[in-house]
Amino acid sequence: ECPAIVPRCMWGARPYRGTPRPLTLPLGAVYIHHTSTPSAPCRTFAACARDMRAMQRFHQDTRGWDDIGYSFVVGSDGYLYQGRGWHWVGAHTKGYNSKGYGVGYVGDFSATSPDPDAIALVRDGLLPCAVRTGRLHRNYTLRGHRQMGHTDCPGNSLFREIETWHGFK
């Protein structure tokens with residue numbers, strides 16, 4: 001009953017640089033992001049895989065991080081993409097990376113919301129699955145990136161959407 005997650009090998013991920021730090025499960029939080037760049041949602045596997053590689057290059061080469069920062073990325077092609085995944089500390093929410101998963105929606109959701117299917121993939125698929133499989137506390141906290149630092153992320157429209165989700169505080 002868990003949604004399919006496209007593994008790193010299928011989207012063409014580069015290797016992790018250095019040694020990943022393990023998360024201590026279950027986690028207590030989820031932080032929702034939008035990628036902003038790329039600003040358009042990806043609607044095919046080919047486009048989403050290309051966007052994943054571009055984000056990883058930006059995070060590794062420009063920001064100097066060990067890997068793509070997000071735990072998971074949501075495409076508008078019906079799939080979730082593995083970033084750092086269930087077991088490794090990400091680089092998505094400064095000061096909180098070891099406390100929660102970072103889930104990024106591909107696109108800029110300042111003025112428009114993600115497709116209903118992309119919303120449901122996380123709200124009704126990934127989050128309940130994470131609780132059922134012991135990766136996320138039953139009483140987890142859901143927050144938008146902007147609540148944790150100085151940013152507009154995940155955009156006004158997506159933020160209004162997640163305010164209605166279970167666990168939002």
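Two residues are in contact when they have heavy atoms within 4.5 Å. The model is predicted, so local features need pLDDT of at least 70 and side-chain atom pairs count only at pLDDT 80 or more, while totals for chains, interfaces and linings use all residues. Residues are numbered from 1 along each chain as its sequence is written, and side-chain values use heavy atoms, with hydrogens and water left out.

Setting aside neighbours within four places in sequence, Tyr-105 is in contact with Ile-32, His-33, His-34, Thr-35, Val-74, Pro-114, Ala-118, Ile-119, Val-122, Leu-158 and Trp-165. A nonpolar core is a set of buried Ala, Val, Leu, Ile, Met, Phe, Trp, Tyr and Cys residues joined through side-chain atoms within 4.5 Å; buried means under 20% relative accessible area, computed with a 1.4 Å probe on protein chains only. The largest such core has 28 residues, and Tyr-105 is among those that touch the most other members, together with Ile-32, Val-122, Leu-136 and Trp-165. Two or more residues of this core come from each of β2 (27–34), β3 (72–74), β5, α3, β6 (136–144) and α4 (156–162). Of these elements, α3 has the largest share, 8 residues. Helices (H or I, at least four residues) and strands (E, at least two) are DSSP runs, numbered from the N terminus. A second, separate core holds 13 residues, including Ala-47, Ala-49, Met-55 and Val-73.

On a 1 Å grid over the protein atoms alone, a cavity is a set of points where a 1.4 Å probe fits but cannot get out, and a pocket is an open set with protein on both sides within 12 Å along at least five of seven lines; lining residues have an atom within 4 Å of a point. There is 1 cavity of 30 Å³ or more, and the largest cavity has about 40 Å³ of space, a volume being the space filled by probe spheres set on the points. Its lining includes Val-30, Phe-72, Trp-86 and Leu-136. Here too α3 (116–132) gives the most, with 3 residues.

The largest pocket has about 470 Å³ of space. Among its 25 lining residues, Phe-58, His-59, Arg-63, Trp-65 and Tyr-70 lie nearest its centre. The largest share of this lining, 4 residues, comes from α2.

How values were computed:
Buried < 20%, exposed > 50% of the residue type's maximum accessible area, 1.4 Å probe, protein only.
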